Structures are given as C-alpha cells and as structure tokens.
Amino acid sequence: MKPSPRNAEHDNDDNDVDSEEKEQGTEIEVDEDVLPSRAAAIHEEIRQEGEKELERDGMALLWSAIAAGLSMGASLMAKGIFKVHLEGVPGAFLLENLGYCFGFVIVILARQQLFTENTVTAVLPVMHKPTGSNFRLLLRLWSLVLLGNLIGTGLAALAFNTMPIFDDATLQAFTAISEKVMENPAGEMFANAVISGWIIATMVWMIPHADNAKLFIIILMTWLVALGDLAHIVVGSVEVLYLVFAGTLPWQEFFWPFALPTLLGNITGGTLIFALISHAQIRNDMDEEAKAKTRAEQKKKERESKKQQNNQC
C-alpha cells in the first residue's frame, strides 16, 4: 500500500532539527552585513551546516564515516614513509609529522564525516535550541559517525598488516609510531585529547571564511596536533589498531587506556570548551541585537502614537 503524502511527510520530519527558523518558516541568516559581527556570521554558517548533517540519512552518514576512517589511514602511511626516508636528515621530526596532515586533508576536502569535526558543527544547533529531539539527533549522528570512523580505521590498519604493500622498514616505522601513542597513561591521554579536540574545533571554526587558505589552515592546525603528540580518536585508532592486528597489543588496551579517555578528551575540548564558549559569545551578541531591535520598534510605535494624538488634536 502506498503511503499517503501526509505519512511520508511525517517520516521525513522525524529527522528535522528543532529551530526558531523552522518554526517561523525562514532560513538561518548568514549574511555578515545583517548580523552583529563577523564571528556571528561564522557561527550561523556552521550552525546551518550542522542542521544539514543532523538531518542526513543514517546510512549516508555511516558510509561517509567509514570512508573517512579509511582515509585517515593516509596519516599513518605518510608519517611512516617519511620516517623511513628522512632518517638522519636535519629537521626530520618536523617533516615526518607533516605526514600526519594527509588524512585530514583528504577527509575535510572530500567532505567525509569525521567525528571530531562534529563535536562543533553538529553541536551548535543543539546549543541554539536544546530540545530532546535535537539531543536525540546529535546522539544518532555521533554514534553513526564514530562507529563508521572506527570501522574504517580498523580496515585501514588490517590492510597495512596483511597486504603486501610496504617493505619491512616502513612496517617497523608504523610499529614505532603506534607504540609511541600507547606510552601515555589514561590521564595524560585524556589531557592530550582535550587540547587536540580544541585545536580541531578551532580549525572547523576557521574554515568557512578561509577561501583559498583552506588547505593551509588544515595543514597548519593538524600539523600542530602532530607536533604536540596529541591524542586524536580517529587517527590514533589507525595506529593502535595496527598494533592490535599485529598481535603486539591486546584488544582491551585499545579501549583503555586509549579509546575511552581520548574520546572523552576530544569531546571535552571540542564541545564543552570551544563550542560552548563560542556559542555563549555569539548568543550574547544576538540577544543584544534582538533587544536593540525591540527598543527601536518600541520607539517607533511611540512616535507613531504621538503623531496620531497630535493629528486628532
């Protein structure tokens, strides 16, 4: 039996984000000239993008996230190859860590779903209107994207272990890079991940108005994460799962001390610190603008009322 148009419309509405604009039948204003500040324009543009992501089909999100996890394998691959061929070269540490940026460049420019991007993008619509429906959509997106990222990183790590692609020197470099990730205890892993989440969130905030500098910003910010040996749930999963599939690390150590502290740290840095503070700043700007408009309208009404009274006299 073919569903009625009303039922079909109701099914589509299940993933609709609650917002003031939808209630009023308008769109999010992103024009910098209309909004109180340039920061507000960036905030609203990211919020608009976040609404689109929250409303996307679940399978589309999952497949995009799997693709992102696979793409992140490029970070370990490039870093390992650089490590082998730059041995003994002055400044090798700086150039080797440049390889870390490759996965991020692929994922972000290809518009694939990366969990740490969504600690800002998908959170802003929820902060703007924190309803139960919006929280449900956020948890749905986070769950699907994190699952897809971990599946993709697992496939990349498995391929690096089992497929005859790399020579022994490169495989040993992969092992050395991955073992370095596991040197930190859980507490340090969490602290590193907080800073990493904050840096990635800053990158997400800078990209909308970056224009031709977008590639430079991605490389600059992710290179900083690599230079600081900071923990990232997706790139780190490729590295740690490489050790798991190589048989040198038990499965349980992937979850603790790595995955859980790193995940919580990335969320804390990206959402609880960066997104919350940024939203609070813009919300205050928008509230002040709304108050100014209300005062202007009130004064206009008062002038019109006095004019009518004068005319009657």
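Buried means under 20% relative accessible area, exposed means over 50%, and partly exposed lies in between, using a 1.4 Å probe and protein chains only. Glu-49, with a relative accessible area of 25%, is therefore partly exposed.

This is a predicted model, in which local features need pLDDT of at least 70 and side-chain atom pairs count only at pLDDT 80 or more, while totals for chains, interfaces and linings use all residues. Residues are numbered from 1 along each chain as its sequence is written, and side-chain values use heavy atoms, with hydrogens and water left out.

## Overall build

The protein chain has 14 helices and zero strands. Both are DSSP runs numbered from the N terminus: helices are H or I with at least four residues, strands are E with at least two. Along the sequence the pattern reads α-α-α-α-α-α-α-α-α-α-α-α-α-α.

Of the 313 residues in the protein chain, 47% are buried. The chain exposes about 16200 Å², and carbon and sulfur atoms supply 59% of that area. Accessible areas come from the Shrake-Rupley method with a 1.4 Å probe; for residues, only the protein chains shown count as cover.

Contact means heavy atoms within 4.5 Å. Take the contacts between residues at least 6 apart in sequence: 82% of them join residues at least 24 apart.

Gly-236 sits in helix H13 (residues 233–246). At 4% relative accessibility, Gly-236 is buried. Gly-236 and Ser-75 are 161 residues apart in sequence, yet their C-alpha atoms are 9.8 Å apart. Thr-162 belongs to helix H9 (residues 132–162). Thr-162 is exposed, at 56% relative accessible area.

## Helix H12

Helix H12 covers residues 214–227, 14 residues in total. The expected span of a helix is 1.5 Å times one less than its number of residues. For H12 that gives 20 Å, and the end C-alpha atoms are 20 Å apart, which agrees.

Which residues of H12 are buried? They are Ile-217, Ile-218, Met-221, Thr-222, Val-225 and Ala-226. These residues cover an arc of only 165° around the axis, so they lie on the same side of H12. The arc is that of the directions from the helix axis to the C-beta atoms. The buried residues of H12 pack against helix H6 (92–98), helix H7 (101–109) and helix H11 (186–206). Just after H12, Asp-229 takes a positive phi of about 50°.

## Salt bridges

A salt bridge is a side-chain nitrogen of Lys or Arg within 4 Å of a carboxyl oxygen of Asp or Glu. The whole structure holds ten.

| Pair | N to O distance |
|---|---|
| Glu-51 and Lys-22 | 3.0 Å |
| Arg-111 and Glu-49 | 3.0 Å |
| Arg-56 and Glu-53 | 3.7 Å |

Start with the side chains of Glu-51 and Lys-22, which meet in a salt bridge. Glu-51 lies in helix H3 (residues 38–54) and Lys-22 in helix H2 (residues 20–24), so the pair ties together parts that are 29 residues apart in sequence. Glu-51 is buried, with a relative accessible area of 7%. Lys-22 is partly exposed, at 37%.

Next, Arg-111 and Glu-49. Arg-111 lies in the loop between H7 and helix H8 (123–128) and Glu-49 in helix H3, so this pair ties together parts that are 62 residues apart in sequence. Arg-111 counts as exposed, at 52% relative accessibility.

In the Arg-56 and Glu-53 bridge, Arg-56 is partly exposed at 28% relative accessible area. Glu-53 is buried at 10%. Salt bridges that share partners also join Glu-21, Lys-22, Glu-44, Arg-47, Glu-51 and Glu-55 into one network.

## A nonpolar surface patch

Which residues make the nonpolar surface patch? Leu-158, Phe-245, Trp-251, Phe-255, Trp-256 and Leu-260 form it, with an area of about 630 Å². Patches are made of residues with over 30% relative accessible area and no salt bridge; like charges are joined within 9 Å, and nonpolar side chains (Val, Leu, Ile, Met, Phe, Trp, Tyr) within 5 Å.

Helix H14 (residues 251–312) supplies the largest share of the patch, four residues. Phe-255 lies in H14. At 45% relative accessibility, Phe-255 counts as partly exposed.
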